[in-house]
Amino acid sequence: MPTIVKVLAFSLGLALVFTGIANLLPQVEGQAPEEVKVDIGALTMDGFIALGENIFKNKGTCTLCHNNMGRAPNILELEMNGTCEERMADERYKGAASDVEGYLRESMLDPSIYVVKGYGKKGSNDTQSPMPTVNKAPIHLSDIEIDAVIAFIQAKDGGDVTVALPTDVPAAAPAVEAVAPTIAATAEEAIAKFGCSACHAVLDSVAEVGPSLKDIGARSSAQEIRHSIVNPNAIVVDGFAPIMPPDFADRMMAKELEMMVEFLAQSK
Ligand code: HEC
Ligand code: HEC
């Protein structure tokens, strides 16, 4: 069986395990999964599309914002091929794209070049996008990963996939290695893995979608921080929308949660 299929079967198995133990949190300790590599030579377009879906939902952290909570266009529900055409026909569109692939790539690499009406940063009158540039920190997608995401978005509603399969892997960016979720070893890794920095100023991120976490320890106890992560909508911080994903507790190992709580409680 091609390696990619094995990797996906593996990830799926793991996802089921995560769901199964969700309710046991925070008592559970996890076992690190073995590292899995994908053989680019054996990659088919179906495998590439599946990889793009996995990146969209995991490493890319796209679903943290692109979901049904109104924070960003719900890409999984929208028919995106037609949507992209409409955006490019908008008189406010000043980008350089002339086809769906170009629009999707531009949206990821230069989010503020065109901001979908109503979704701009507060006070920017839709001139500044809150979306992070996906090939930079904290998301850091490689060119191959970006192509895979485009292939997924083009294919999900039955459209033509115009991106080409990768033919070689640049030494610095073995994109597909990241597919299998591994258990974070440090608080910093956990913060990166769960995409906290897409919304919060923390570590080297300056995101402003949620409150800064750089000084959270000065205003909240470890217990309050834990509660904010596990059950974010119980208390919504004034001046912010209730858009922090409510499912972190289902996706984290107890150890990951506790490392983050300890790290944040010390950030003053
Ligand atoms: C922190 C929140 C956030 C994250 C994370 C995020 N986006 Fe976005 N994205 C937005 C917002 C808000 C918009 C709408 C404003 C704009 O046009 O830039 C948007 C717009 C887009 C658009 C244009 C949609 C349209 O209807 O024209 C695409 C395509 C897109 N994002 C793809 C992605 C992909 C792929 C990822 C993951 C690799 C991602 N985004 C991650 C917030 C986010
Ligand atoms: C999609 C955006 C988003 C992501 C991703 C996100 N948050 Fe949040 N977070 C918010 C928003 C918005 C608030 C303020 C509203 C609220 O309290 O729910 C918030 C509130 C918090 C608070 C309470 C802050 C305070 O000042 O009391 C903590 C702690 C927190 N988040 C930690 C995290 C951690 C840790 C992660 C990653 C595991 C994370 N968040 C991921 C958007 C996000």
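**Exercise 1. Which polar side-chain atom lies 2.8 Å from a nitrogen atom of ligand 1?**

Solution. The atom belongs to the side chain of His-66. It is part of a polar contact (a pair of N or O atoms within 3.5 Å). This is a predicted model, where local features need pLDDT of at least 70, side-chain atom pairs count only at pLDDT 80 or more, and totals for chains, interfaces and linings use all residues. Residues are numbered from 1 along each chain as its sequence is written, chains are lettered from A and ligands numbered from 1 in the order in which they are written, and side-chain values use heavy atoms, with hydrogens and water left out.

**Exercise 2. Find the protein donors of the iron atom of ligand 1, and name the arrangement.**

Solution. 
- Step 1. Look for donors (N, O and S atoms within 2.8 Å of the metal, or 3.2 Å for Na, K and Ca). The protein gives His-66 (NE2) and Met-131 (SD), 2.0 to 2.1 Å from the iron.
- Step 2. His-66 is in the loop between helix 2 (45-57) and helix 3 (80-89). Met-131 is in the loop between helix 4 (100-109) and helix 5 (143-156). The two are 65 residues apart, so the pair links distant parts of the chain.

**Exercise 3. Now do the shell of ligand 2.**

Solution. 
- Step 1. Count: 27 residues surround ligand 2, and the closest are Cys-196, Cys-199, His-200, Arg-219 and Met-244.
- Step 2. Sort: 22 are nonpolar, 4 polar and 1 charged.
- Step 3. List backbone contacts to oxygen atoms of ligand 2. Pro-232 lies at 3.3 Å, Ile-235 at 3.4 Å and Val-237 at 2.9 Å.
- Step 4. Name the elements that give two or more residues: helix 7 (216-219), helix 8 (222-230) and helix 10 (254-265). Helices here are DSSP runs (H or I) of at least four residues.

Conventions
A residue is near a molecule or strand if one of its heavy atoms lies within 4 Å of it. A polar contact is a pair of N or O atoms within 3.5 Å; within protein, one must be able to donate a hydrogen and the other to accept it, and residues adjacent in sequence count only if both atoms are side-chain atoms. Ala, Val, Leu, Ile, Met, Phe, Trp, Tyr, Cys and Pro count as nonpolar, Asp, Glu, Lys and Arg as charged, and the others, Gly among them, as polar. Four donors count as tetrahedral if all angles lie between 85 and 135 degrees; four count as square planar and six as octahedral if opposite donors are over 155 degrees apart and all others between 65 and 115; anything else is irregular.
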